[in-house]
Amino acid sequence: MRKERGLLIVLSGPSGVGKGTVRKELFSQPDTNYEYSISMTTRKPREGEVDGVDYFFKSHEEFEQLIVEGRLLEYASYVGNYYGTPLDYVNATLDAGRDVFLEIEVQGASQVRAKAPDGLFIFLAPPSLSELEQRLVGRGTETDDVIASRILAARQELEMMNLYDFVVENDEVQLACDRVNAIVTAEHCRRVRVEKRYLSMLEGEY
Ligand code: 5GP
C-alpha cells in the first residue's frame with residue numbers, strides 16, 4: 001500500500017512557557033515516535049550544546065544564504081538571532097511516512113500554518129491562564145496596575161492561540177507531554193486522514 005505522508009506537528013507558544021523543556025522531555029521518552037527537526041540558528045552554542053544535535057549553528061551569512069535559496073520552511077528573528085526550520089529534512093521525513101515535530105516560536109509557527117495548513121498546531125499555554133481569575137480577584141492585594149498588566153498579558157496570549165488547533169496547559173511537564181501524545185494519537189485517527197488510506201486502497205493504489 002502507498003505510504004501515508006507523516007504528520008507535521010508544531011509545538012509553539014509564548015516565550016518562557018517551557019516549550020524547550022516539554023520537547024526535551026518528550027524526546028527523552030523511548031516510545032516517542034516523532035522525528036525532531038533540528039533547527040538552524042545564528043545564536044552561539046550554550047555550554048554543553050552540540051552542533052547537529054541541539055541546533056545546526058550557522059553564521060549570519062550562511063543563514064541569509066539559506067533564506068535566499070528558499071531552503072527554510074520558516075524562519076524568524078528572535079532576540080537578535082535567526083532561527084529556522086530546514087525544508088528538505090522536513091519534506092523528506094514526511095514523505096518517508098514519519099511524523100516531524102517542530103518546537104518553534106510563534107512568528108515561525110504562523111508561517112508554517114500558512115504553508116502547511118494540514119499540520120497539527122499545538123499551543124503550549126502557561127498555567128497562569130487557569131490561575132488568572134483566582135490571582136486577579138483572589139486576595140485583593142494587587143494594585144489596579146498589576147491587575148491591568150496581567151489582563152493585558154493574558155489577552156495577548158489568548159489572541160495568539162487563534163492559529164492553533166489545540167491548547168496544552170503546561171502545569172506539569174509530564175502531564176503536558178501526555179496531552180501532546182494524546183492529541184497526536186487522536187489526529188492520526190481523524191476520519192479525513194484514515195479515509196484517504198481506505199479510498200486509495202479501493203482505487204487500487206496498493
Ligand atoms: P533558544 O535560543 O532558547 O534555544 O530558543 C529561543 C526560541 O527560539 C525558543 O522559543 C524556540 O522555541 C525558538 N526556536 C527554536 N528553533 C526555532 C526555529 O527553527 N524556528 C523558529 N521560528 N523558532 C525556533
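This is a predicted model: local features need pLDDT of at least 70, side-chain atom pairs count only at pLDDT 80 or more; totals for chains, interfaces and linings use all residues.
Biologist: Why is Thr 41 called buried?

Modeller: Buried means under 20% relative accessible area. Thr 41 has 0%, so it counts as buried.

Biologist: What makes up the surroundings of Thr 41?

Modeller: Thr 41 lies in strand β3. Beyond its neighbours within four places in sequence, Thr 41 is in contact with Tyr 55, Phe 56, Phe 57, Lys 58, Phe 63, Tyr 82 and Tyr 83.

Biologist: Which backbone atoms does the side chain of Thr 41 reach, and what makes these polar contacts?

Modeller: A polar contact needs a pair of N or O atoms within 3.5 Å. The backbone oxygen of Tyr 82 is reached at 2.9 Å. The backbone nitrogen of Arg 43 lies 3.0 Å from a polar atom of the Thr 41 side chain. Both pairs therefore meet the cut-off of 3.5 Å.

Biologist: How do you know that β3 and β4 pair?

Modeller: Pairing takes at least two bridges between the strands. Strand β3 (residues 40-41) and β4 have two, so they pair, and in the parallel sense. The bridge partner of Thr 41 in β4 is Phe 57.

Biologist: Which sheet holds these strands, and what makes a strand in it an edge strand?

Modeller: The sheet is open, has four strands in the order β4-β3-β6-β5, and its pairing is mixed. The edge strands, β4 (56-57) and β5 (72-78), each pair on one side only.

Biologist: Which helix lies across β5 and β6?

Modeller: Helix α3 (residues 87-95) does, running at about 25 degrees to β6 (81-86).

Biologist: Now the five-stranded sheet: what is its order, and why are β2 and β9 at its edges?

Modeller: The order is β2-β7-β1-β8-β9, in an open sheet with parallel pairing. β2 (34-36) and β9 each have a single partner strand, so one side of each lacks a neighbour in the sheet. On average, neighbouring strands here are turned by 25 degrees against each other, direction ignored.

Biologist: How do you know that β8 and β9 pair?

Modeller: The requirement is at least two bridges. Four join β8 (residues 120-125) to β9, so these parallel strands pair. Phe 123 stands opposite Val 167 in β9.

Biologist: Which helix packs on this sheet and touches β2?

Modeller: Helix α1 (residues 19-28) touches β2 along with β1 (8-12), β7 (99-103) and β8, and its direction makes about 150 degrees with that of β7. Helix α4 (residues 106-115) lies across β1, β7 and β8, at about 150 degrees to β1.

Biologist: What does Asp 171 touch?

Modeller: Pro 127 and Arg 179, not counting residues up to four places away in sequence. Pro 127 is 44 residues away in sequence, yet 5.1 Å away in space, C-alpha to C-alpha. With Arg 179 there is a side-chain polar contact at 2.9 Å.

Biologist: How do you know that the length of α6 agrees with its residue count?

Modeller: At 1.5 Å a residue, the 18 residues of α6 (residues 144-161) should span 26 Å. The end C-alpha atoms are 26 Å apart, so the two agree.

Biologist: Which residues of α6 are buried, and why are they placed on the same side?

Modeller: Ala 154, Glu 157 and Met 161 are buried. They cover an arc of only 60 degrees around the axis, which puts them on the same side of α6. On the other side, Asp 144 and Asp 145 are exposed.

Notes
Residues are numbered from 1 along each chain as its sequence is written. Side-chain values use heavy atoms; hydrogens and water are left out. Contact means heavy atoms within 4.5 Å. Axes are lines fitted to C-alpha atoms, for helices over the stretch in contact, and angles run from 0 to 180 degrees between N-to-C directions. A polar contact is a pair of N or O atoms within 3.5 Å; within protein, one must be able to donate a hydrogen and the other to accept it, and residues adjacent in sequence count only if both atoms are side-chain atoms. The expected span of a helix is 1.5 Å times one less than its number of residues. Buried means under 20% relative accessible area, exposed over 50%, partly exposed in between (1.4 Å probe, protein chains only). The arc is that of the directions from the helix axis to the C-beta atoms.
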